[in-house]
Amino acid sequence: MAVVGFDVEELEELVGEELSKDVLENKVPMMGCEFEGMEKGEVEYEVFPDRPDLLSVEGFARALRCFLGVEQGLQEYKTGESGIELKVEDTVDPVRPCISAAVVRNVELDGSVLRSLMQVQEKIHKTFGRKRKKIAIGIHDLDKVEGPFTYKGVEPDSVEFVPLQSEETMNLKEIGEKHPKGKYVEILQGNEKWPVIVDRNDRVLSFPPVINGQLTELSEETENIFIDVTGTDQKAVEEALNIITTSLAERGGAIETVTVNGKERPDLDPGEISVDMDYVNGLLGLGLNEDGFEELIGGMGFGYSDGKVLVPPYRVDVMHPMDVVEDVAISHGYENFKPEIPDVPGTGSSQGIEDFTEKTKELMLGFGFQEVKTTVLTNKERQFRRMEAEEEEVVKMKNSFSEDYGVCRRYLIPELLEVLRQNQHRSYPQKIFEIGDVLLLDEGEETKTRNKRKLSGVICDDEVNYADLASVVSSLLELIGKEGSFEKCSSSSYLKNRSSEVIVDKERVGVVGEVHPQVLENWRIEKPVVAFELDLEGLMN
Amino acid sequence: MYRLTEEGKKYLKEGLPEKRLMELLEDKEEMGEVKESIEESSIAINWALKNGWIEIKEGTVHLKESPGELELQKALESVNQGEELEKEVKKELEDRNLIEEVREDVVKQAKEKLKEGSISNLTPELIKTGLWREADFKEYDPTKTGKKRYPGRKHILSYYIQDIRRVFFDMGFEEMKGPYVESSFWNMDALFIPQDHPARDMQDTFYMERPEETELPEKGLVESVKKMHEEGSSRSEGWNYSWKEEMAKRPVLRTHTTAVSARKLAEIDPPAKLFSVDKVFRNETLDYSHLPEFMQVEGIVVSEEVTFQNLLGYLKEFYRKLGFEKIRFRPGYFPYTEMSVEPEVYFEEKDEWLEMGGAGIFRPEVTRPLGIDVPVLAWGLGLERLPMIKEGIDDIRNFYYENNLKMLKEVKI
């Protein structure tokens with residue numbers, strides 16, 4: 001999520017009202033953003049990803065003007081025609097097919113406007129623009145170049161220009177290799193031709209989504225602006241253009257359209273969406289009539305006409321009547337709803353395995369064991385190698401943050417040994433247990449895996465023997481109502497002739513044994529350990 | 001050595017039955033209803049007749065001769081005092097099962113114990129022989145309570161899990177479960193999260209090497225979800241992109257239990273109240289407050305009738321039952337809810353409002369493909385946050401990763 005910082009004075013100027021600390025801290029978040037802090041005349045908010053229109057100080061102020069009641073209702077944006085054309089060649093289709101553009105005239109680009117423009121551009125790139133992949137915005141000094149402009153795909157080494165933040169003329173390939181923003185060519189990799197925007201004299205304005213040319217760099221002297229937005233999704237491209245141009249309109253800029261693919265862009269007419277009063281009232285329980293509804297949505301910048309909600313062109317999050325309903329709720333104020341519990345029938349009931357887990361846990365506590373909780377995430381070293389056990393198939397992650405947590409546990413005992421290892425300087429005896437799920441691969445399941453509930457316990461002390469724990473396991477089985485038998489088994493995890501498989505109803509349900517000193521040495525545990533592990537799920541029936 | 005049996009002890013206290021009968025007759029000389037007058041009347045009459053103290057005429061008991069003080073009663077007293085008895089009396093008492101012999105080795109042990117002088121522990125032998133009467137018990141300092149002891153304890157999180165499950169049961173919610181490894185379909189697509197959404201980015205989500213691919217649920221459901229993403233519905237614009245089945249089949253460790261809710265929604269008919277308290281996974285480096293796996297609590301209410309006010313009502317009640325009296329609601333954002341709420345609860349101890357989970361009403365684009373046409377209220381929170389704040393735990397790793405046994409044992413209930 002994006003955190004944006006605004007100069008409080010600038011915000012106040014754009015809102016047209018003084019904003020007290022209390023308003024900034026407590027009232028503004030009720031509009032739908034999070035107050036992050038305030039320092040040295042700058043206030044920070046976290047803007048939710050569905051509202052990129054709030055990323056600029058102009059857009060934020062526009063929303064506040066409505067929400068705080070300074071000026072409510074739909075704001076209309078008038079556009080003139082610039083007469084400039086942007087030609088789009090089909091050579092861009094494979095690499096970055098979508099583009100739109102606009103002209104904004106008579107903008108006073110003082111320091112704060114420039115700063116705001118850079119901020120919103122950067123934040124949109126990062127969030128809504130998916131790191132420039134879906135959307136990239138270029139902003140240019142229009143008077144440095146001449147239309148018509150052309151958007152086309154070119155061989156990376158065939159076109160060269162001086163990019164921003166550089167003095168050197170480079171071709172596209174070289175920019176990718178040498179320029180600080182060169183990393184973005186990654187988005188274009190695999191394509192023979194890369195996109196550029198050039199003017200009528202073939203001078204390069206932009207190499208989207210990587211870098212603009214130095215030629216059209218903005219300065220405080222810039223009066224007229226040309227904006228291009230390129231990307232992979234035409235709808236998102238138009239939306240980003242709407243957000244940028246309407247932001248600049250807040251600064252007094254005059255928006256003019258550019259002819260792109262035969263259409264005049266941007267189209268800043270409000271969108272329309274039908275919202276049924278019964279639907280609103282059914283969801284909010286406010287019993288609104290149309291007038292009340294119109295007033296509330298006016299507080300969020302929407303208009304209302306002939307039973308239709310008019311959606312301002314910068315609101316890109318409205319795709320369903322539900323989205324309008326949320327704005328009605330926000331405008332009404334979450335704090336003004338009366339929380340009420342309805343009469344929805346239902347009986348509290350639990351999952352059988354959870355009940356059985358609780359009952360078994362009580363028995364283990366009664367035997368004097370301390371419950372621990374270890375992680376499902378683990379590694380093969382622990383699960384198999386330190387146990388001197390043969391490696392088995394495990395559920396395995398592709399991209400774990402750490403090799404130590406690269407697979408999902410299949411057994412609990414190794415994880416309990418890890419707990420013992422970490423607690424060696426604490427008092428003994430240590431009797432611990434865990435009831436938890438392990439993961440198994442299973443071709444028969446939809447997810448190709450299966451959770452399995454298991455119980456494991458260990459005792460570690462200066463003196464401890466097999467019978468200390470086998471007696472617990474056998475008593476436990478009896479109390480669960482199962483007849484268990486113990487069959488001697490051989491496993492390199494346990495001392496020879498000191499481990500058994502636990503058999504119930506002819507099925508192998510677990511193991512109990514005295515841990516092999518080699519295993520203890522692998523873990524650097526210096527006291528003897530006895531351990532058991534049971535398949536709890538199998539014992540439930 | 002002899003001691004009194006249970007019956008013997010009783011008669012020592014209450015008097016032998018025949019003694020009680022004779023005491024009654026002293027005053028009356030004759031009696032019609034002996035049975036009603038004393039307990040164990042038949043034993044009393046039997047012995048009184050045998051000793052020639054009474055006679056029975058026409059169902060009435062008459063005094064023949066007063067026995068005076070009963071020797072047998074005195075003998076019971078003597079046994080109790082540990083005195084020796086005449087052989088005949090001893091035999092009579094034994095026959096009547098009023099005294100029993102104490103085994104010689106028991107007597108011996110008791111006597112040896114006595115020889116030790118001042119005694120620290122009372123023994124069964126001293127009690128059996130009655131020789132405790134002669135013992136001199138060592139004095140303790142009863143203000144000393146001995147060394148610290150720890151019972152087998154539940155893990156601290158188990159206490160919290162138990163509390164939360166109880167709250168849900170109280171509110172009439174049914175528990176649900178689902179697998180740790182999920183398809184992207186259930187974890188994301190079914191929640192109307194578009195396939196290019198940043199929430200699917202590698203850094204947050206554990207993707208799997210094994211298994212490589214999951215199956216998808218039945219075709220009709222998959223088609224509905226696909227259509228909602230690509231084209232929307234009569235009321236929604238949808239996301240307008242080409243939805244790919246391969247992406248939906250990518251297995252992940254579930255990042256939220258909302259995946260479980262989605263599965264359940266596809267199964268049920270409204271109305272329903274459901275909850276889960278279960279593990280979720282995030283591919284995040286672990287530090288003092290972040291865990292790559294943690295417990296998530298989730299509740300959903302599915303009903304034709306429910307409103308936004310009801311969502312707030314459930315939240316208020318839920319947190320009140322967890323001990324938070326003051327709650328307030330802020331607008332929030334989650335990709336699959338509209339009306340999204342961030343509840344904040346007030347912590348007295350800290351004099352601070354703290355964000356406590358998230359809530360909302362599922363977007364119709366989520367519920368419709370799952371076959372649900374009524375509002376679904378939903379809320380959730382990370383469980384570990386509760387003990388961290390309430391118990392003042394500043395490093396969650398102590399409890400989860402290290403399992404500090406000292407701390408786990410000493411947790412206050």
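**Labels and their cut-offs**

Modeller: In α13(B), the buried residues are T258(B), A259(B), V260(B), S261(B), A262(B), R263(B), K264(B) and L265(B). This is a predicted model, in which local features need pLDDT of at least 70 and side-chain atom pairs count only at pLDDT 80 or more, while totals for chains, interfaces and linings use all residues. Residues are numbered from 1 along each chain as its sequence is written, chains are lettered from A and ligands numbered from 1 in the order in which they are written, and side-chain values use heavy atoms, with hydrogens and water left out.

Biologist: Why is helix α13 of chain B called largely enclosed by the rest of the structure?

Modeller: Buried means under 20% relative accessible area, exposed over 50%, and partly exposed in between (1.4 Å probe, protein chains only). Eight of the ten residues of helix α13 (residues 258-267) of chain B are buried, so the helix is largely enclosed by the rest of the structure.

Biologist: What makes F137(B) partly exposed?

Modeller: The relative accessible area of F137(B) is 38%, and because partly exposed is the class between the buried and exposed limits, that label applies. F137(B) belongs to strand β7 (residues 136-137) of chain B, where helices (H or I, at least four residues) and strands (E, at least two) are DSSP runs, numbered from the N terminus.

Biologist: Which residues make the nonpolar surface patch of about 390 Å²?

Modeller: That patch is made by L122(B), I127(B), W132(B) and F137(B). Patches are made of residues with over 30% relative accessible area and no salt bridge, like charges being joined within 9 Å and nonpolar side chains (Val, Leu, Ile, Met, Phe, Trp, Tyr) within 5 Å. A salt bridge is a side-chain nitrogen of Lys or Arg within 4 Å of a carboxyl oxygen of Asp or Glu, and accessible areas come from the Shrake-Rupley method with a 1.4 Å probe, where for residues only the protein chains shown count as cover.

Biologist: How do you know that β17(B) and strand β18 of chain B pair?

Modeller: Two strands pair if DSSP finds at least two bridges between them, and β17(B) and strand β18 (residues 376-382) of chain B have four, in the antiparallel sense. In β18(B), A378(B) is the bridge partner of G360(B). Strand β15 (residues 337-347) of chain B also pairs with β17(B) in the antiparallel sense, over three bridges, and there V341(B) stands opposite A359(B).

Biologist: Is strand β17 of chain B enclosed or open, and why?

Modeller: Five of the five residues of β17 (residues 358-362) of chain B are buried, so the strand is largely enclosed by the rest of the structure.
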